[in-house]
Amino acid sequence: MRESGKIAALALKKALTAVRVGVSELEIDKIVEREIYRLGGDLSYKSVPGYKYATCITVNEQVVHGIPTERKLEQGDLVSIDLAVEFKGWHTDCAWTVLVRKQGTGSREQENKEKFLQVGEQAMWEAIVQAVEGNKVGDISNAIQTKIEGVGYSVVRSLVGHGIGKSLHEEPEVPGYGKKGTGLALKEGMSLAIEVIYAQGTSEVSLGEDGWTFFSVDRSWAGLFEMTVVVGKKQAEVLTDWRKV
Ligand code: MF3
Ligand code: CO
């Protein structure tokens with residue numbers, strides 16, 4: 001899983017570097033696909049029946065499971081890239097959201113979007129801190145909820161993080177909301193995809209006409225931060241940290 005995670009991190013880093021005005025979602029998907037294959041990995045999303053892309057890409061009010069399209073990125077877009085890798089039968093899953101920045105001095109809107117992203121990322125790191133033996137799944141969930149709701153955003157409740165390993169999606173579910181000290185007890189070595197799936201406005205999501213893409217029903221901004229981690233005795237090990245590869 002460490003090797004799988006390294007490939008995922010490198011592919012995510014490459015994708016994030018490619019984000020700029022005028023690049024299409026499909027071009028980013030191809031960049032990720034090529035990078036995963038170049039590094040000897042396979043596309044984990046192939047294991048999802050009917051899905052044939054390397055990534056899910058969601059923009060602005062789109063929340064998750066966006067099919068990459070010909071749409072070209074524009075200034076001010078909030079772009080989430082979600083990808084998963086299979087390597088020697090082991091899966092890792094990660095996602096990140098970035099802003100397609102405007103040149104020059106930031107507008108109020110740009111500042112709001114940047115704050116929105118900082119909070120989501122911070123919620124994810126605070127959740128990862130909880131992924132230690134002796135804690136429960138609810139401690140992870142509660143950390144996400146506390147951070148996101150603390151600044152007035154909302155956690156999308158119908159979509160959750162998950163166990164991961166021999167399959168992309170395994171037990172347990174890891175919601176972004178819950179009570180401390182509840183749920184499954186965490187043990188050293190458990191591997192989890194911790195996901196912060198949140199929106200600026202309502203937490204209600206709806207499925208788009210393509211049958212895949214979820215969007216926020218009030219069309220408010222959505223963000224997505226996800227890392228695959230291994231529960232540790234004192235500290236979680238993050239397998240997909242693109243900033244460290
Ligand atoms: N990466 C998503 C998750 O975090 C799964 C995407 S499945 C796909 O669970 F079919 F949309 F690719
Ligand atoms: Co996931």
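The protein chain exposes about 11,000 Å², of which carbon and sulfur atoms supply 49%; accessible areas come from the Shrake-Rupley method with a 1.4 Å probe, and for residues only the protein chains shown count as cover. The model is predicted, so local features need pLDDT of at least 70 and side-chain atom pairs count only at pLDDT 80 or more, while totals for chains, interfaces and linings use all residues. Residues are numbered from 1 along each chain as its sequence is written, and side-chain values use heavy atoms, with hydrogens and water left out.

The protein chain contains four helices and 13 strands (DSSP runs numbered from the N terminus: helices are H or I with at least four residues, strands E with at least two). Its C-alpha trace spans about 45 × 40 × 35 Å along the principal axes.

Of the 245 residues, 54% count as buried (under 20% relative accessible area; exposed is over 50%, partly exposed in between, with a 1.4 Å probe and protein chains only). Among contacts (heavy atoms within 4.5 Å) with a separation of 6 or more, 71% join residues 24 or more positions apart.

Val-98 lies in strand 5, residues 90-99. Val-98 counts as buried because its relative accessibility is 18%. Beyond its neighbours within four places in sequence, Val-98 contacts Leu-16, Val-19, Asp-77, Leu-78, Val-79 and Leu-117. The C-alpha atoms of Val-98 and Gln-118, 20 residues apart along the chain, are separated by 9.9 Å.

Methods:
Chains lettered and ligands numbered in written order.
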